[in-house]
Amino acid sequence: MAFVQAIAQAYAQQGKSPAQALALAQIAPALLTDAGARITTAQMEAVSGAAMRELNDEALGWFARPLPWGSYGLLARASLSAPTLGLALKRWCRHHRLLTDDITLALDTAGPVARIGITEHRTAGPIAPGGALREFCLVSLLRNIHGLACWLIDSRLPLLGAQFPFAPPAHAAAYGVLFDGPTDFNAGPASIRFDARYLALPIKRDEAAMNQMLQRALPLTVRPYRRDRLLVQRVRQVLTNQPLNAHNAHDLAEQLGLSARTLHRQLKDEGASLQALKDEVRCARAVDLLQRTSKPVKQVAEAAGFQNEKSFIRAFKGWTGLAPSEWRTHG
């Protein structure tokens, strides 16, 4: 409800009433003063869309000047022709500077981690430190660009975490719904972090898809994407690097921030299976140990995740056509 209160403040800045937008979203005006009230994603979409049109400001009062309806659509269109997500996001951040001088966004990478961060430049006004709309601005901007990134590559883009430069608000629990991974407060510039490998994924959308999306773009910012085009790589990485934490589908799914059912379904959508990926990783680990070390087959079996030597030998023959001892000699 805190974000609806922020929208009501945007109306107040223009000397207008939010009554029509609240009614359209079926939000009782009395809820504006109820700190414990909650709304659905559909209601948030409805009230935000109505307010942006009625106020002709897609920023909803955040910035020194309004952003006319369609401003963020122009940024999305300018990013569409990029060959990869990384270039598309850099364009979006760069072009955002044409809309306002109040903040700047930037994409950077540090090893395997990519980061989209916001630098604030306002010292007065609604989004200055301590300003009432500051939280709504920073959260919305990061949700907007994250939602667009997911849409461009037609994939869930799981976050490693988010951080914000203000103290935890009373509704801090809601951040677990808005952002994957841990959220840190009082932690410096607002930003989100994710696996940098996603930056290399190709853009999957075209002009027709863009036109259709822009007719109803707000769901991208309030509803999570399900499909993950790097899920197979992420599963393989966990199985390789954290084998003790991936004994079964439940444990593995927990490491990936998914349910076991969702994990199996998404792998199937990608033409893969958990068992096949386990076999691939186990085989690679066993082959590596047989090739590089003189460990007994029993120890190799344990290191590859097998409870007994016989089941390992049987599986290894199925993978390579040879018993482990034969592979070590002739492989």
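The model is a predicted one, and its chain holds 16 helices and 5 strands. Of the 331 residues in the chain, 47% are buried. As for how the chain folds back on itself, take the contacts with a separation of 6 or more: 61% of them link residues 24 or more positions apart.

Two helix pairs are worth a look. Packed helices are described by the angle between their axes and the distance between the axes. For helix H1 (residues 2-13) and helix H3 (residues 41-55), the axes come within 11 Å and the crossing angle is roughly 10°. With an angle under 35 degrees counting as roughly parallel, H1 and H3 are therefore roughly parallel to each other. Their crossing is left-handed. On the H1 side, the contact is built from Phe 3, Val 4, Ile 7, Ala 10 and Tyr 11. H3 answers with Met 44, Val 47, Ser 48, Ala 50, Ala 51, Glu 54 and Leu 55.

Helix H4 (residues 71-80) and helix H5 (residues 85-96) make up the other pair, with axes 8 Å apart and a packing angle of about 140°. Here the crossing is right-handed. H4 brings Tyr 72, Leu 75, Ala 76, Ala 78 and Ser 79 to the contact, while H5 brings Ala 88, Arg 91, Trp 92, His 95 and His 96.

Next comes helix H8 (residues 207-214), where Ala 209, Met 210 and Met 213 are buried. These three cover an arc of only 100° around the axis, so they sit on the same side of H8. The N-terminal end of H8 is capped by Asp 206, which has a side-chain oxygen 3.3 Å from the backbone nitrogen of Ala 208.

Over in strand E3 (residues 159-163) there is Gln 163. With a relative accessible area of 16%, Gln 163 falls under the 20% cut-off and so counts as buried. Its side chain reaches the backbone oxygen of Ala 187 at 2.8 Å. Leaving aside residues up to four places away in sequence, Gln 163 touches Asp 184, Ala 187, Gly 188, Pro 189, Ala 190, Ser 191 and Arg 193.

Most residues other than glycine have a negative phi. Gln 26 is not a glycine, yet its phi is positive at about 55°. This residue lies in the loop between helix H2 (19-24) and H3, and Gln 26 is exposed, with a relative accessible area of 70%. Asn 186, again not a glycine, has a positive phi of about 50°. Its place is the loop between strand E4 (183-184) and strand E5 (191-195). Asn 186 is exposed as well, at a relative accessible area of 55%.

Methods
Residues are numbered from 1 along each chain as its sequence is written. This is a predicted model: local features need pLDDT of at least 70, side-chain atom pairs count only at pLDDT 80 or more; totals for chains, interfaces and linings use all residues. Side-chain values use heavy atoms; hydrogens and water are left out. Buried means under 20% relative accessible area, exposed over 50%, partly exposed in between (1.4 Å probe, protein chains only). Helices (H or I, at least four residues) and strands (E, at least two) are DSSP runs, numbered from the N terminus. The arc is that of the directions from the helix axis to the C-beta atoms. A polar contact is a pair of N or O atoms within 3.5 Å; within protein, one must be able to donate a hydrogen and the other to accept it, and residues adjacent in sequence count only if both atoms are side-chain atoms. Axes are lines fitted to C-alpha atoms, for helices over the stretch in contact, and angles run from 0 to 180 degrees between N-to-C directions. Angles under 35 degrees count as roughly parallel, over 145 as roughly antiparallel, 65 to 115 as roughly perpendicular and the rest as oblique. A crossing is left-handed if the near helix is turned anticlockwise from the far one by less than a right angle, and right-handed if clockwise. Contact means heavy atoms within 4.5 Å.
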